[in-house]
Amino acid sequence: MAGIYLHIPFCKQKCRYCDFVSFAGKEDVAEAYMACLLKEIELRGKELSGRTFHTVYFGGGTPSVVDSKYIYAAMRQIKKCFTLAPHPEITIEMNPGTVSEQKIALYKRAGINRFSVGLQSAIDAQLADLGRVHTVRDYLYCTSLLKGENFSADVMIGIKGQTREDLQKTIEVAAGSGAKHISMYALQAEDGTPIYTDYLNGELPDEDEVAELYDYGCALLAQKGYARYEVSNFCKKGFESRHNLNYWKRGEYVGLGVSASSFFSGHRLLNTTDLDEYMKCILSGFFPVIDNAEVGDKEARFEFVMLGLRTVYGVRGSEYRAQFGSDWKEDFAPAYRRTRQYLLEKGDVTRIRDEYLFVQNRILSEYAGD
Ligand SMILES: C[S@@+](CC[C@H](N)C(=O)[O-])C[C@H]1O[C@@H](n2cnc3c(N)ncnc32)[C@H](O)[C@@H]1O
Ligand code: SF4
């Protein structure tokens, strides 16, 4: 499996919590940026011409904010410059405040067959407080345009003043709209974002409150038929995100666009996060890469275990042995001993017990030092 990620760094408005490489009020450079993206697709396509890719993902930022003709052109370029497997999964992220019937029609003509919609909350006052540009009604309109399609909804826990009832309403709206997949993210208050002030003022729910909301949300999602397959990801049977599964399986992926990262031929690459620098590099015929590091053997082993433990599929001992020629429990013996009580073992497979999945970072940090 291999995937292609394209970063579209534009938003109508910057949400108060968002730390992603995304810019509001830069629509004037969208055309030039998208032209550079076509060039980067061509350059990377040549380099990776022997490979077959199974998924394409337009992420951001807000891919749905730019004119849909650019997304169509990017998809046409992908098909021209890369080899796609039959029936690829092609996803686009959308903010409900930026969609139209015409846009969605053109996405479908471009071959996009999966949509990821940012709902966050079904309480309008909370959406406004987060700095979102849309209302719950906009979400319902957006998903009415996606009837019968494979789409996912993003919801958030840990919002200021969020109660169980609020979360219940949010999950009911997401499920009721027909989402086949729901991502439930805990709000991260990153230093430098406006919401960090709310955090410093003690206005956001604390860790225990968020953990309680998470458990409540998980139970509700299970009741509605969404199975958890990763700490923040839930879906109806057979609707896992293939693109994300590939990341967690340490599959190869190529990232295109400002700030995008890649993993192929045993190297991890990172593109510049500076929009102007990105465009200058591409226009001069260079890759906009600011970091290119070979993943060493020790690091690869750690990544395999860490990524495996993040999901409900866990670490398969035989797969580890086939790749690295040793037993993962021996390679990570001290960490394995220290965390064993949190793990569930079934034959060849070891996974984090359900009740500890939400605090996995503390468990995984034990492996980082080994
Ligand atoms: C690129 S956005 C999705 C598309 C579109 N930009 C939008 O927001 O609707 C990806 C998702 O990341 C999540 N996200 C972004 N910043 C976050 C943060 N600081 N804490 C938790 N989740 C965050 C949001 O749930 C958001 O829907
Ligand atoms: S719309 Fe999405 S990417 Fe843009 S600022 Fe908000 S959360 Fe970030």
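Before we zoom in, one handy definition: a residue is near a molecule if its C-beta atom, placed from the backbone, lies within 6 Å of it. Keep in mind, too, that this is a predicted model.

**Close-up 1. The residues around ligand 1.** Ligand 1 has 17 residues around it, and Glu93, Asn95, Gly118, Asp154 and Gln188 are the ones that come nearest. Sort the shell by class and you get 6 nonpolar, 7 polar and 4 charged residues. Where do strands come in? At least two residues of this shell come from each of β4 (52-60), β6 (114-120) and β7 (151-157).

**Close-up 2. The residues around ligand 2.** Here the surrounding residues are Cys11, Lys14, Cys15, Cys18, Phe20, Ser22, Gly60, Gly61, Thr62, Asn95 and Gly118. By class, this shell holds 4 nonpolar, 6 polar and 1 charged.

**Close-up 3. Helix α11 against helix α15.** Two packed helices are described by the angle between their axes and the distance between the axes. For α11 (residues 297-310) and α15 (residues 360-368), the angle is about 165° and the axes sit 10 Å apart. Angles over 145 degrees count as roughly antiparallel, so that is the label for α11 and α15. The crossing of α11 past α15 is right-handed.

**Close-up 4. Who touches whom between α11 and α15.** From α11 come Phe302, Val305, Met306, Leu309 and Arg310, and they meet Gln360, Leu364, Tyr367 and Ala368 of α15.

Terms used
Residues are numbered from 1 along each chain as its sequence is written. Chains are lettered from A and ligands numbered from 1 in the order in which they are written. This is a predicted model: local features need pLDDT of at least 70, side-chain atom pairs count only at pLDDT 80 or more; totals for chains, interfaces and linings use all residues. Ala, Val, Leu, Ile, Met, Phe, Trp, Tyr, Cys and Pro count as nonpolar, Asp, Glu, Lys and Arg as charged, and the others, Gly among them, as polar. Helices (H or I, at least four residues) and strands (E, at least two) are DSSP runs, numbered from the N terminus. Axes are lines fitted to C-alpha atoms, for helices over the stretch in contact, and angles run from 0 to 180 degrees between N-to-C directions. Angles under 35 degrees count as roughly parallel, over 145 as roughly antiparallel, 65 to 115 as roughly perpendicular and the rest as oblique. A crossing is left-handed if the near helix is turned anticlockwise from the far one by less than a right angle, and right-handed if clockwise. Two residues are in contact if their C-beta atoms, placed from the backbone, lie within 7 Å.
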